[in-house]
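Dear colleague,

I am handing over the structure we spoke about, and below it you will find my notes on what came out of it. Please read them with the structure open beside you.

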Amino acid sequence: MQIGFELNGKQQTLEFEPRETLAEVLRGRCRLTGVKISCEAQVCGSCTVLVDGLPVSACTLLAYEVRGKRVTTIEGVADETGRLHPLQQAFLDNFSFQCGFCTPGMILAAKSLLDENSKATDAEIVAHMNGNLCRCTGYLPILKAIRQAAAEMRGQK
Amino acid sequence: MKPIGEFQIVNHSVPRGDGIPKVTGGAIYTSDMVLEHMAWAKILRSPFARAKILSIDVSQAKSQPDVIDVLTGGDLHGLHPYYGHGVKDHPLIAIGQVRFVGEPVAAVIAETELAAQEALGKIAVEYQEMKAILDVDTAMAEGTPRIHETDFADGSFRGFDDFPGAAGNICQAVHVGWGDVDAALASAAHIAEGEFYFPMVYAYAMEPYVAIADFDAKGHLTVYSSAQHPFMVRHDVAHVFGLPLNSVRVIVPYIGGGYGSKSYTKIEPLVAACSWKAGRPVKLRLSVEEAFLTTRGDDARVRIRTATDSNGNLVARQATIHLNTGAYAENSPMVCRKAANRIVGPYRIPNVKIDCFAVYTNTVPASSYRGLGGAQVTFPGESQMDELAEMAGCDPLQFRLKNLAQSGESIHPGMRPIDADIPGDIREAARMLNMDRPLVPGHGRSVCCSASDAGAHPVTLAMVQVYADGAVSVLSGSTEIGQGSHTVLTQIAAEEMGVPLEKVRLIGSDTAVTLFERSTGASRTTTLMGRAVLEACREAIAQITVMAEEVFAAPREKLVEERGGLRCGQTYMTWAQILEAYFKMEGCSIVGRAYLRKAGDLTLIPVFWEIGVVGVEIALDEETGKISLDSLVTIGDVGLAIHPAMTEGQDLGAATMGLGAGLFEELIYDGQQLMNGSMLEYRVPRFSDLASHVDMKLVQNRDGVGPYGAKGGGEGAVNPISPCIANALYRATGVRTRTLPLTPERVWKALQEKKKRQVL
């Protein structure tokens, strides 16, 4: 089947099998390997991408579902000049990752929250991020990064 | 020694070297790699825990579209198919029999992963099921058949001197002791006695096991793997195929988590055999469900007695530890040795007798898990310290302080004396936790500690390349598993060579390029590889200094080292300028190297004592039995933190991993079947489990043998956290729990039982 959608700001038309998941299409056909595969059961959040700004697990979403929609992966988070998004910079500043395998999903999940509500409280951040697992950091450095990015994004508005 | 304030790059929280790739999606992990002409493998796994394989019919599978070949245990002619660094008991694929549910029985190699997956269903295997041996008591009982009918050769990298095996299904027995425990117990004033259970846990590295193997036309093998120990993988794979070491090249790209679960050899021999059979590069990536069936931590039953005299001095500890090691030895012989050593704790105990057994069962093979036996035995050890303190009428903190070994004091005869200030550490933890503040109902606090003989066997080789344009490369065979070692090693090189951090590049693990490093584990990298990098820099500087005599036309004694180069009178030249002047050509580089081994101040084992100190305040919901953390404090007694922020990150990460085993994590078998081997059913710590208050502190007494007095961290905090929670629960409720994890159900039941007893 042939499907058109917007991928990281560019219109795409892709040919793929109906059974292919969004993660398979993005990783295999588009080589966007920042989409990470771990639990394959919507538990860990490592495959999180944004569809029309909302976080979804690409591992279990059939790719044709994104027809006509806007898909953002970690590769599309920095601006065109390569300038990092405030969340990416905040993750660097706060050492919010170790192995880095959960990081793309973490940043995208956090982005969906802060794009909607840059005044999110800690409780709101924790509730929103609870579907993203990290086995390395113990979460606090990620929380700190999201707070920092939220403050910067508020300032930009 | 350079004072702590004078470091330019070391001891500063510089940006991570792998930061940009990891926040932009640019970091390529093995799971992301694709080679030209690459085929895919999928594995058919045993449905039985113990069975003979009577026949395997692969003919139908082979004729499926896009299937290239099928590998079974019958195809391994000419290979040495059993591997294992400790005991060579592990066939790369089942040969004639299976020993656990999930053991690989056949591998389909196909053009696509889907074609391989679909062909698995076309393989017909005839089994003759045998009675499975599923627990340690059955395994050790007289008359129980052996899980391994033959004795196996020692692997070459046991890393310690105990002989393998004993009899029957005992994979490893280790005995530690001194003094006269029986006499001490007979005259003791107080004896705490109990049986404890630490659960079977799964490390859940988020990137499941994955490897690509590529036999080229010259017969050289390249393996890309998400592996912590590339040199161990090289050793095992070279042995399987009878290849010289330089014919096997193991390359480790970015790794998605390890925590011990990716130490030593895992799927690499199987993937290499697939490539050997198919004549193609082959990639095998396991699902998380398959990773659950590949390695787990040893669960441990510990029967332990600890005794004091009437003054509250520890007089004896005696323990019998049974580790459920699963179907193959993996690294459990080492876990057995370490559990036996580590159960003594950081205390001065004059009479000790420990008997530790790693026992084969027909379950998933157990191996390294962060802390290597430490978490399993610190739970009973530190629980019992609180029990004894109460018997002796002491405050638990004061009781620990009375019995803790001081810096320089020996706790294990013949081993390195304690190189840390543990009494100071726990005092500080207690202060940070506000131990004296009144508790609200349902809350309890505790501070616990551990000392682990860390660093493993010290053989660590490193190179630095110093370029005539001022650049420096560090070539290190120690893998970056997220702990930040690649950043730390470049910091050390930049500090020593006097160049900006941006000029230093880390060339990571590639066994064809980087020199031998035994392993990346036991928290050794900063201490051993860090020191090797420092010494390699000094050796490069020594070489350049000899060249400088010619360049400056001056004798050695006229040359004075000044940050980044040499001064001779009014003239200063950087190392790079000296190199260019010496070779009279741009683009040159020289190599400095260091070879560390068990000699000099690295003769005494352990390389360093890794200290774990944590404090918690728990909040218990008595209606549901749910425990949450109000406060968590950690102390990192690390000698010198090369990178303070990442060092604290290790403490928090280790404490959080320990929290998982303390509160939620447990693999559950029902008969021969693992019941909860998926992330839908296996509960690891989440964002919402984060403590409300977290306070971390680093203690930097520069008392280690590593660079600038550094010691390792990263596994300490995993050990004391579960007894800390259990002790805090006791102080909140009077309920003593000796089985982990402390799930709401378990805690609630214990509370009800206590209420019932009170009514009676």
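**Notes on chain B**

B:Ala456 is buried, since 25 other C-beta atoms lie within 10 Å, and this alanine sits in the loop between β20 and β21 (460–467) of chain B. Please keep in mind throughout that this is a predicted model. The phi angle of B:Ala456 is near 55°, a positive value in a residue other than glycine. Most residues other than glycine have a negative phi. B:Asn434 also has a phi near 55°, and its place is the loop between α12 (422–432) and β20 (443–454) of chain B. Is B:Asn434 buried or partly exposed? With 15 C-beta neighbours inside 10 Å, B:Asn434 counts as partly exposed.

The bond from B:Ile605 to B:Pro606 is cis, with omega near 0°, and B:Pro606 belongs to the loop between β27 (589–596) and β28 (608–621). The bond from B:Leu740 to B:Pro741 is likewise cis, with omega near -5°, and B:Pro741 is found in the loop between α17 (721–733) and α18 (744–759).

Leaving aside neighbours within four places in sequence, B:Val533 is in contact with residues including B:Val464, B:Leu489 and B:Ile492.

As for domains, the assignment for chain B gives domain 1 (4–27 + 459–597), domain 2 (33–132 + 204–292) and domain 3 (296–456 + 604–759). The C-alpha centres of domain 2 and domain 3 of chain B lie 36 Å apart, and 23 residues of domain 2 are in contact with 24 residues of domain 3. On the domain 2 side of that contact, the largest share, three residues, comes from helix α8 (residues 288–292), and the residues of this side divide into eleven nonpolar, seven polar and five charged.

Finally, the contact between the chains takes 43 residues from chain B and 39 residues from chain A. On the chain B side, the largest share, seven residues, comes from α16(B), and the residues of that side divide into 22 nonpolar, 15 polar and six charged.

With best wishes

Notes: Residues are numbered from 1 along each chain as its sequence is written. Chains are lettered from A and ligands numbered from 1 in the order in which they are written. This is a predicted model: local features need pLDDT of at least 70, side-chain atom pairs count only at pLDDT 80 or more; totals for chains, interfaces and linings use all residues. Domain bounds come from an automatic or database domain assignment. Two residues are in contact if their C-beta atoms, placed from the backbone, lie within 7 Å. Helices (H or I, at least four residues) and strands (E, at least two) are DSSP runs, numbered from the N terminus. Ala, Val, Leu, Ile, Met, Phe, Trp, Tyr, Cys and Pro count as nonpolar, Asp, Glu, Lys and Arg as charged, and the others, Gly among them, as polar. A residue is buried if 20 or more other C-beta atoms lie within 10 Å of its own, exposed if 12 or fewer, and partly exposed in between; C-beta atoms are placed from the backbone.
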